[in-house]
Amino acid sequence: ATRLVVFSILGQLIYFRIGQPIVLKRMDWKKVGADEADQIIAVVMGNLRALAATSLAASNLAKDNQDD
């Protein structure tokens, strides 16, 4: 599961690079400058934190179920 989380985050980052023309158009951005990059980083980091929290919770639940 950890590798899937890593691939998921990498996929997000790769999409911003490969899909840059689509992102620019949909976000109504002219370019990815410092402000836009900060927004992208904030969203990806938020997603990473959410995935980590979910993964940790699932791991703790699995451990708790093993103890039963």
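## A loop residue to start with

Aspartate 28 sits in the loop between helix 2 and helix 3. Helices here are DSSP runs of H or I with at least four residues, strands are E runs of at least two, and both are numbered from the N terminus. The backbone at aspartate 28 has a positive phi of about 60°, although this residue is not a glycine. As background, most residues other than glycine have a negative phi. Aspartate 28 is also exposed, with a relative accessible area of 69%. For that label, exposed means over 50% relative accessible area, buried means under 20%, and partly exposed is in between (1.4 Å probe, protein chains only).

## What kind of model this is

This is a predicted model, where local features need pLDDT of at least 70 and side-chain atom pairs count only at pLDDT 80 or more, while totals for chains, interfaces and linings use all residues. Residues are numbered from 1 along each chain as its sequence is written, and side-chain values use heavy atoms, with hydrogens and water left out.

The protein averages a pLDDT of 89, and 94% of the residues score at least 70; pLDDT is the predictor's confidence in each residue, from 0 to 100. Where pLDDT is low, the predicted coordinates should not be read in detail.

## Overall layout

The protein has 3 helices and 0 strands, and along the sequence they follow the pattern α-α-α. The radius of gyration is 16 Å, well over the 11 Å that the globule rule gives for 68 residues, so the protein is more spread out than a compact globule. That radius is taken over C-alpha atoms, and the rule is 2.2 Å times the number of residues to the power 0.38. Along the principal axes, the C-alpha atoms fill a box of roughly 55 × 20 × 15 Å.

## Surface and charge

Of the 68 residues, 15% count as buried. The accessible surface comes to about 5600 Å², and 62% of it belongs to carbon and sulfur atoms. Those areas come from the Shrake-Rupley method with a 1.4 Å probe; for residues, only the protein chains shown count as cover.

On the charge side, there are 8 positive and 7 negative side chains, and the centres of the two sets lie 13 Å apart. Lys and Arg count as positive and Asp and Glu as negative, with His and the chain ends not counted. Each charge is placed at NZ of Lys, CZ of Arg, CG of Asp or CD of Glu.

Leucine 24 belongs to helix 2 and counts as buried at 15% relative accessibility. Leaving aside its neighbours within four places in sequence, leucine 24 is in contact (heavy atoms within 4.5 Å) with Trp29, Lys30, Lys31 and Val32.

Over in helix 3 you'll find methionine 45, partly exposed at 33% relative accessibility. Its C-alpha is 9.0 Å from that of isoleucine 9, 36 residues away along the chain. Valine 43 is in helix 3 too, and is partly exposed with a relative accessible area of 47%.
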